[in-house]
Amino acid sequence: EAFLARVAAHDGALNSFISRIPEMALAAADAADARIAAGERAPLLGIPYAHKDIFCTQGVRTTCASRMLGDWVAPYDATVHQRLNEAGAVLLGKTNMDEFAMGSSNENSAFGAVKNPWDHAAVPGGSSGGSAAAVAARLVPWATGTDTGGSIRQPAAYCGVTGIKPTYGRVSRFGMIAYASSLDQGGVLAPSAADCAIALRAMAGHDSRDSTSADQPVPDYAAELDRPLTGLRIGVPRQWFTDGLDATVAARIEAAIEILVQQGAVRVDIDLPDAELALAAYYLIAPAEASSNLSRFDGVRFGYRCAEPRDLMDLYERSRSEGFGAEVKRRILIGTYALSAGYYDAFYGRAQRARRQVSENFAAAFAQCDVIAGPVAPTPAFDLGAHASDPATMYLEDIYTIPVNLAGLPGMSVPVGFSGARPVGMQLIGAPFTEARLLNVAHRYQ
Ligand code: GLN
């Protein structure tokens, strides 16, 4: 009731929710109370949360912030949702996002932009901007997010909350609406690493319904939080602290690394080249996969259908042109072009080779260090509308986050202070399946 009251009081100004479900939430809370009364104990039992509106939930619409799915109700639950239900977590609603998770500012939503709770003139980041804003404003104790190229870490940084994108395959993608399937990964946004540890453990694990899901045991992340940092090698990529990085952001991250060093960690300056290559590769691979994934929205089987189609082609054309927003259309066009006959190797093939290079660069870096620390984004949250007319400058936002997705690695965003009223985040990156280590480093800092 306390969290529902906060949502009712503050979300009018923020627009962080697409769907609020107070009656269902209170019923779920009563059910959790009954389980507690019967003696059951579990970390998330009775704890409220919100889902990014990309996770399928039976009984509550799943819109992906698109007109295309404006009133669509999934006939099944995402595995993540099923697990959280079993854990007794209480869903308060579904959060706003960039349409189909394409964006870095939450301005690409058919349900309107979200405001950054710290400064209403600023974007909350994207695409999980609603989850980040709702957690930052303490409308929910934690929320789910997804990260294909930075969509958990960058909004977490902009809103001053902690976010973790696990290793590709750690969290099931079943029932998580696909954007770029080889990059998409679900994760958590919460006030602290300790909170992330609890939520991630409940969400993660093998799922036979997702063929890319990792068949590895899920550690008890919370049990590792207090490990000392003595001797831990923190790699700081030289190429990431250059002219493109805002000076205040750089200073906050340097100060945070110093705090880790005071706890016994060892700073190692490393080389991590080719971030520009990663950005270019991502903006071919992700749209290519998106153009394929989004071909299912045809106005026939489900989702938006135009009024009074003349024939089948007219039905396809008008349903898709009326149902999708401008950024989604731009990416479908880029992706379809990149995959077209005669261009496949020149674009998609080359991008895949660049992707392999990026993975090899990380592997070389992890021969010299245990965890990489650096920026999440080049600047603090920018003003609403600042990049609205220039998608290419918006894409530059993702330069430090995208390489991590291309390599399938776990990454975190940890709040490390402010630039004026706007929060600054530090990124921590690990080798595959080292989530426990990242959460441990973040927790020791916090
Ligand atoms: N900002 C990136 C994009 O627009 C990343 C999005 C994401 O991680 N879903 O594609």
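UniProt positions are in the numbering used here, feature names are shortened, and annotations may be inferred rather than shown by experiment. I'm counting residues from 1 along each chain as its sequence is written. I'm also keeping in mind that this is a predicted model, where local features need pLDDT of at least 70, side-chain atom pairs count only at pLDDT 80 or more, and totals for chains, interfaces and linings use all residues.

I looked up the "active site" feature in UniProt, and the unreviewed entry puts it at Lys52, Ser127 and Ser151. These residues are spread over 100 residues of sequence, yet they cluster in space, with a largest C-alpha distance of 10.9 Å.

**Lys52.** I found Lys52 in strand S2, residues 48–52 (strands are DSSP runs of E, at least two residues; helices are runs of H or I, at least four; both are numbered from the N terminus). Lys52 counts as buried because it has 33 C-beta neighbours inside 10 Å; the cut-off is 20 or more other C-beta atoms within 10 Å, with C-beta atoms placed from the backbone. Leaving out residues up to four places away in sequence, its contacts include Ser128, Ser131 and Gly145 (contact: C-beta atoms, placed from the backbone, within 7 Å).

**Ser151.** I then went to the loop between strand S4 (143–146) and helix H5 (153–159), where Ser151 lies. Ser151 is buried, with 36 other C-beta atoms within 10 Å. Among the residues Ser151 touches, beyond four places in sequence, are Ser127, Ser128 and Gly145.

**Whole protein.** I noted 14 helices and eleven strands. Of the 446 residues, 56% count as buried.

Terms used
A residue is buried if 20 or more other C-beta atoms lie within 10 Å of its own, exposed if 12 or fewer, and partly exposed in between; C-beta atoms are placed from the backbone. Two residues are in contact if their C-beta atoms, placed from the backbone, lie within 7 Å.
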